[in-house]
Amino acid sequence: MTKTQPSNQDERRSAIMQAAFTSFGQVGYTKATMKDIAAKAGVAQGLIGYHFSTKETLLVEVVREWMINKGMKAAFAKLDLQLSPAEILQQGLLHVVEFRKENPEWFTLLISLWTESVNNEKLAKELLELYKEMKSGIMEIIDRMELQLDRSEKETLASLIQAVIDGLTLQAPVPLSPEPISLEQVSRGIGWMLDGIRSAAQEKGE
């Protein structure tokens, strides 16, 4: 075994994931074949099974990579936590808008996972875990925003933000909707959310 093999394995794995992202995003999970994915990745079909074992596993890992690593983590890395809560939320949601525009396959990919998980218990559990990961990351940001909320209220806000992110994705079936939501709408919606938080805090006498 040479020292270059681990690097080569990583490169092949990345190539498979990129090819799967493209295939799942263009034709959907059901129509995409492992043969086509292997051809796009420039690898032997058996290598996909070596890295991902099943087509289901590949789908989950591709969604995790784009949702958590390329989506959420990339967005959080760009946040300026010195800004106001409204500005921080606006930064995060606008990143979702831009991510959606730059990755048109994301719409079909995510819809594929939602659809397939309805009648597939394994995929349903994996989808739940993905959303738990996403919510955990959102909670980290909310905790730094110094909002006058208890833990339960913060979790509710995190769930609401997740719903907004999903909503932005669902509103963008390219090319019908190249801009899923306007900057003005994002700003206004964030303002409404934070106004509600402030009103609730005042009612509690905080």
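Glu-56 is partly exposed, its relative accessible area being 22%, where partly exposed covers the range between buried, under 20%, and exposed, over 50%, for a 1.4 Å probe and protein chains only. The model is a predicted one, in which local features need pLDDT of at least 70 and side-chain atom pairs count only at pLDDT 80 or more, while totals for chains, interfaces and linings use all residues. Residues are numbered from 1 along each chain as its sequence is written, and side-chain values use heavy atoms, with hydrogens and water left out.

Glu-56 belongs to helix α4, helices being DSSP runs of H or I with at least four residues, numbered from the N terminus. Leaving aside residues up to four places away in sequence, Glu-56 touches Tyr-29, Asn-120, Lys-122 and Leu-123, a contact being heavy atoms within 4.5 Å.

Lys-55 is buried but has no salt bridge, and the nearest side chain of opposite charge, Glu-116, is 7.7 Å away; a salt bridge would need a side-chain nitrogen of Lys or Arg within 4 Å of a carboxyl oxygen of Asp or Glu, with Lys and Arg counted as positive, Asp and Glu as negative, and His and the chain ends not counted. Beyond four places in sequence, the residues that Lys-55 touches are Phe-24, Tyr-29, Thr-30, Ala-32 and Met-34.

How values were computed
Helices (H or I, at least four residues) and strands (E, at least two) are DSSP runs, numbered from the N terminus.
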